[in-house]
Amino acid sequence: YVHFHLISSQVQQSAKSVVLLDIFVSILSLNLSEPAYGADIAKLKYKLVAGEHGLIIRVKGFNHKLPLLFRLIIDHVSEFSFTPAVFEMIKEELKKNYFNMLIKPEVLAKDLHHVILEHGKCSVIDKYRRLMKGLSADSLLSFVKAFKSQLFVEGLAQGNLTC
């Protein structure tokens, strides 16, 4: 089990940055779906999550092939690319996800609870408003470049690992 958190100060700057991180992680997951298919068949699992401070990468499975999967993910992060059509599709999907969160009272109440208790937390309402104002593919590329230029990495590795 390997868990890495790529932390960047870019994420907490504004609602726009939080939304761009969500888009980045969604596109990254989509880009990895085909090349990582063999890893899924080999019982290796991975998950990419847009955390509050950056990208969380979780990888688990048999230790002898885990580094290959992790390297594949890191290669896709470092050489991130997308088409305008994929960008628009992910943006629309994210709009639906945010809206669905807003119409569920229990999810909205939990989100507002976190906004009140956690300093700097961006609410789903703010993210939805920012996404509705519009974002460009260029703003995503700029965000990703800035995100990668100011990274701090925390990691946890458990299991039968060799260094």
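Reader: Before we start, what should I keep in mind about the model and its numbering?
Author: This is a predicted model, in which local features need pLDDT of at least 70 and side-chain atom pairs count only at pLDDT 80 or more, while totals for chains, interfaces and linings use all residues. Residues are numbered from 1 along each chain as its sequence is written, and side-chain values use heavy atoms, with hydrogens and water left out.

Reader: What makes residues 15-33 a helix, and why are α1 and α6 called roughly perpendicular?
Author: Helices are DSSP runs of H or I with at least four residues, strands are runs of E with at least two, and both are numbered from the N terminus. Helix α1 (residues 15-33) packs against helix α6 (residues 124-133) at about 80 degrees, with the axes 9 Å apart. Axes are lines fitted to C-alpha atoms, for helices over the stretch in contact, and angles run from 0 to 180 degrees between N-to-C directions. Under 35 degrees counts as roughly parallel, over 145 as roughly antiparallel, 65 to 115 as roughly perpendicular and the rest as oblique. The α1 and α6 pair is therefore roughly perpendicular.

Reader: How do you know which residues of α1 and α6 meet?
Author: Contact means heavy atoms within 4.5 Å. By that test, A15, K16, V18, V19, D22 and I23 in α1 meet D126, K127, R130 and L131 in α6. The residues of this contact divide into 5 nonpolar, no polar and 5 charged. Here Ala, Val, Leu, Ile, Met, Phe, Trp, Tyr, Cys and Pro count as nonpolar, Asp, Glu, Lys and Arg as charged, and the others, Gly among them, as polar.

Reader: And what makes the pair α1 and α7 roughly perpendicular?
Author: Helix α7 (residues 137-149) packs with α1 at about 90 degrees, and the axes are 10 Å apart. That angle is why α1 and α7 are also roughly perpendicular to each other. Among the α1 residues in this contact are L20, L21, F24 and I27, and the α7 side includes L140, F143, V144 and F147. By class, the contact has 9 nonpolar, 2 polar and 1 charged residues.

Reader: Why is D138 called exposed?
Author: Buried means under 20% relative accessible area, exposed over 50%, and partly exposed in between, using a 1.4 Å probe and protein chains only. D138, which sits in helix α7, has a relative accessible area of 56%, so it is exposed.

Reader: What makes strand β3 largely enclosed?
Author: In β3 (residues 54-60), 5 of the 7 residues are buried, so the strand is largely enclosed by the rest of the structure. Helix α3 (residues 66-78) lies across β1, β2 and β3, running at about 160 degrees to β3.

Reader: How do you know that β3 pairs with β1 and with β2?
Author: Two strands pair if DSSP finds at least two bridges between them. Strand β1 (residues 2-8) is joined to β3 by 6 bridges, running antiparallel, and β2 (residues 45-50) pairs with β3 over 6 bridges, also antiparallel. For instance, I7 is bridged to G54 in β3, and A50 to L55. A hairpin is formed by β2 and β3, with 3 residues between them.

Reader: Why do β2 and β4 stand at the edges?
Author: The open sheet has 4 strands in the order β2-β3-β1-β4, with antiparallel pairing. Each of β2 and β4 (151-157) has a single partner strand, so one side of each is left without a neighbour in the sheet. The twist averages 15 degrees from one strand to the next.
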